[in-house]
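Have the sequence and the 3D view open as you read.

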Amino acid sequence: MTSESQNIEFKVSWRDEYLKWICGFANAQGGTIFIGKDDSGNVVDLKDAKKLMEEIPNKVRDTLGILVDVNLHQTDQGKFIEIFVEQYPYPVNYKGQYHYRSGSIKQELKGVALDKFLLQKKGKRWDGVPVPNISVNDLKQETFDFFRKRALRNQRIDEESLKDSNEHLIDNLHLREGKFLKRASVLLFYSNPEKYITGAYIKIGFFESDSNLKFQDEVHGNLFEQIEKTTELLFTKYIKALISYEGLNRVEIYEYPKEAIREALLNAVAHKDYSGGVPIQISVYNDKLMIWNEGQLPENWTIETLLNKHSSKPFNPDIANALFRSGYIESWGRGISKMTEQCFNFGLPAPSFFFKSSGFWVEFRKDIFNHNDLRKLGLSDRQINAVLFVKDNEKITNGDYQKINNCSRNTASNELSDLVEKGIFLSSGQKGAGAFYSLKGIAQ
């Protein structure tokens, strides 16, 4: 039996307020409303079905300005009506209200959400909206110089383009619409984008725990300045480095791979929903580093889509294009795989990606797979030996555990199970000779 979903709605009888549901379907991905069915999809018989067959199409046309297919169905249980609503390429409103079907609920769009919806229906993105009362002469010359040098060094711009005026550069980057600069140009090249865009900055904090903030910084300026200043702050103040010397050369080995952290920062800057008015937030702990930006995945994408090979679909295409031309990012959607690969090469667990608090999180975990930190977790000497073995060999079997610890099979089984319960090991799920364990987060 069909059940209610994002594209299906059941109603026992018709009420004119259901025109809002039709409006919501038309503005989203389309859908079907069944009149004469209860919440479980059972037919309850619609007595005035023939009359509604004539009234509903006219009411939809006159109130919403769209056409729908209305079909009458006769079953042993009685009659019901099927209203099929197509997705419309332009915004549909119900008496001046814009409704939208999201999941299995209908919501009225207001404020920022309505602005984004109307832009999307017009084929525009938030960062492409024109901004009045600002010209190219108001933008920061030092940032133009910085952009040109980076773009030339990364072979994303030819040497002749260095001679172009700032006006030509803005046009070549498609950062102007008509006579107006776009929001993206303000974020990228203006000295103080917060004058026009609330929350266009980055917050960094060091936490002993979620409730114990030890110190913090804010990074302001345009996006190029934010990227450079944030990277410098993170790797001089927040992330420790092990110092060693090779001859006379000083060598710094950081707790996290610099390129992976930088890639995550660039993703946050490029994909942030700047209409939300909330800064990018970076939380640094003793054992992890987390980066959050307000935003969402492209339609019909999941975290699994990100983790597999995927196309590049930037939330802010004009910003992403400028970052690509400057050599900061690629346009092939390889950011996630690059971060994961860099963490593996660094001996760290793969970064985690998840949605929470209306935004996107990236979490990096420090290498806790050393004797001292493992001892703090309450592991025995045998368990520590096993963890270090897996770190070098990627996995361990019950037989390996017995061999390196000179213990019985039962002891190995119990202590391996304890490592799984502690969230350190991940079981292969197999039984018998093929069973093995790997470090959670870097399972092969």
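Helix α10 covers residues 317-325, and its buried residues are Asp318, Ile319, Ala320, Ala322, Leu323 and Phe324. Buried here means under 20% relative accessible area, with exposed being over 50% and partly exposed in between (1.4 Å probe, protein chains only). Helices (H or I, at least four residues) and strands (E, at least two) are DSSP runs, numbered from the N terminus. What do the buried residues of α10 pack against? Their partners are α4 (141-153), β9, α6 (183-189), α7 (223-238) and α8. Just past the end of α10, Gly327 has a positive phi of about 90°.

A word on the ground rules: this is a predicted model, so local features need pLDDT of at least 70 and side-chain atom pairs count only at pLDDT 80 or more, while totals for chains, interfaces and linings use all residues. Residues are numbered from 1 along each chain as its sequence is written, and side-chain values use heavy atoms, with hydrogens and water left out.

The side chains of Lys182 and Asp318 make a polar contact of 3.3 Å. Such a contact is a pair of N or O atoms within 3.5 Å; within protein, one must be able to donate a hydrogen and the other to accept it, and residues adjacent in sequence count only if both atoms are side-chain atoms. Lys182 counts as buried because its relative accessibility is 11%. Setting aside residues up to four places away in sequence, Lys182 touches a list that includes Asp127, Pro130, His174, Arg176 and Asp318; contact means heavy atoms within 4.5 Å.

Two of those neighbours deserve a look. His174, in the loop between α5 (166-172) and β8 (176-177), has a positive phi near 60° without being a glycine. Most residues other than glycine have a negative phi. Arg176, meanwhile, forms a salt bridge with Asp171 at 2.9 Å, N to O. A salt bridge is a side-chain nitrogen of Lys or Arg within 4 Å of a carboxyl oxygen of Asp or Glu. Asp171 is partly exposed, because its relative accessibility is 37%.

How many salt bridges does the whole structure hold? The search turns up 23. Among them is Glu9 with Lys11, at 3.2 Å between the closest N and O atoms, and both Glu9 and Lys11 are buried. Asp16, Lys51, Glu55 and Lys59 are linked in a network of salt bridges. Glu255 pairs with Lys366, their closest N and O atoms 2.9 Å apart. That pair ties together distant parts of the chain, 111 residues apart: Glu255 is in the loop between β13 (249-254) and α8 (258-271), and Lys366 is in the loop between β17 and α12.

Lys366 also leads us to the second largest pocket, where Lys366 is one of the lining residues nearest the centre, along with Asp287, Arg365, Ile368 and Leu377. A pocket, on a 1 Å grid over the protein atoms alone, is an open set of points where a 1.4 Å probe fits, with protein on both sides within 12 Å along at least five of seven lines; lining residues have an atom within 4 Å of a point. The lining has 21 residues, divided into seven nonpolar, five polar and nine charged.

Key. Ala, Val, Leu, Ile, Met, Phe, Trp, Tyr, Cys and Pro count as nonpolar, Asp, Glu, Lys and Arg as charged, and the others, Gly among them, as polar.
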